[in-house]
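Student: I'd like a close look at one helix pair in this model. Can you walk me through it slowly?

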Amino acid sequence: MLSVKYFGAVAEKTKVQGENLPISNLSLQELVDELEQKYDLASLSYSIAVNQKLVQDKNSYMLMTNDVVALLPPFAGG
Amino acid sequence: MRYNRQIILPEVGEKGQEKLGKAKVLIIGAGGLGAAILPYLAAAGIGEIGIIDDDSIEISNLQRQVIYKNDAIGKSKALEAKEMALSLNPSIQVNAITDTLNAKNAIPLFEYYDIMVDATDNLHTKYLINDACVVTNKPFVYGSIYKFQGQVSVFNYQNGPTYRCLFPDESSNSKNCVDAGVMGISVGIIGMFQANEVLKMVLGIGNVLSGELLIYNMLNNDQQKFDLVKTNTIVLSRLDFEKKYNVVENTVLEITANEALEQMENPDVLFLDVRNEEELPKMSLPNAIQIPLSELEENLDQLDSNKTILVYCQSGMRSKKAVEILKKHQFLKVQSIAGGALKLQGIIATDAVSVS
């Protein structure tokens, strides 16, 4: 199972802090596209980490079962 | 005697206390985060602390900006913060700067201080802090809140990753505290994390939160760290910085009289005359309103902030002042017409632009 965690304004949209998805053979970009469509995230800006490491190149990153993906938007309040 | 309880820690000692006394730290923003950070840095004996903020204390600040007293409402945050810090520890120096951080003052300030602490509430200033730190080769301690979650990191520390390595996209639109709501405790917790990073850097102890983003969830105490690497390796010179910020700001704020007149029939544009009523030439533009500059701040409700507001006066000086006032009150689409009414009138007269 792939695990996805949501933070800040992203979690506000998904209405959950995280979820497990039965997904395999997927690039990170493909996962992001799916999530953007499912939760209407296109208006938000966020960075992405896999297994607690920031990932820049989403296209070439192939996800594996048990990966933990995190969607990290910038916070602005102070 | 004052610092005895921290000096007896082997990690601090007399040497560490000396380092604290020699350190110069700039806190950018005297709001919720700043109010948490300042007293602890002052009490610990940071030798020189700058605090920059141009805001005045409002009653709605007091649930989270706990260094301010109820009877200080209306007073300057920076000055009140300085007074509080000095009453806590008169042996340090505190510099109050009653201004916003901008592209002009950032570089000289950052050159003077050793460590910057981001206690701001908007993304634009965070990018400004980041870029000015890159230019001056200084670290900054980032802290930010979204409702019950907080982020902390240290950027540009010993050539480490910067804010742009984490969030390259400058056009993002995270809500700030005024929009999203926040508990005082939340800014307090994140401010404490930031103050702790400052002390660690000065003392040279522990692991500085560089190359890592900490996210803390106040509702379930979940704490996570994410690793980031330096991806933005663009060397920013002082000249690049000034071009990027100053030029952009200037062009956005002014429009030529010709360009302004092209917008005359645009229903989304409002012409604002900030001259006094008796001033000539009288202009009869459509979609126009007259509010003398001296009365502008009391009459902002007459202006529709959804419209682009083109401001003019007689020659273009007062209208610049008006643009500053409007920007301060969250009117985002505001420009001053260069040359003012005299220039507009000249163009209308010679080009026979029809004025209804």
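Student: At what angle do helix H5 and helix H6 of chain B pack, and how far apart are their axes?

Tutor: First, the ground rules. This is a predicted model, where local features need pLDDT of at least 70 and side-chain atom pairs count only at pLDDT 80 or more, while totals for chains, interfaces and linings use all residues. Residues are numbered from 1 along each chain as its sequence is written, with chains lettered from A and ligands numbered from 1 in the order in which they are written.

Now the pair: H5(B), residues 103-112, and H6(B), residues 123-136, pack at about 45°, with axes 9 Å apart. Helices here are DSSP runs (H or I, at least four residues), numbered from the N terminus. The axes are lines fitted to C-alpha atoms over the stretch in contact, and angles run from 0 to 180 degrees between N-to-C directions. That angle makes H5(B) oblique to H6(B), oblique being whatever is left after under 35 degrees (roughly parallel), over 145 (roughly antiparallel) and 65 to 115 (roughly perpendicular).

The crossing is right-handed, i.e. the near helix is turned clockwise from the far one by less than a right angle.

Who touches whom? On H5(B) it's B:Ala103, B:Ala106, B:Ile107, B:Phe110 and B:Glu111; on H6(B), B:Leu128, B:Ala132, B:Cys133, B:Val135 and B:Thr136. Contact means C-beta atoms, placed from the backbone, within 7 Å. As for spacing, an α-helix has 3.6 residues a turn, so residues three or four places apart point the same way.

By class, the contact has 8 nonpolar, 1 polar and 1 charged residues. Nonpolar covers Ala, Val, Leu, Ile, Met, Phe, Trp, Tyr, Cys and Pro, charged covers Asp, Glu, Lys and Arg, and the others, Gly among them, are polar.

Key:
Helices (H or I, at least four residues) and strands (E, at least two) are DSSP runs, numbered from the N terminus. Two residues are in contact if their C-beta atoms, placed from the backbone, lie within 7 Å.
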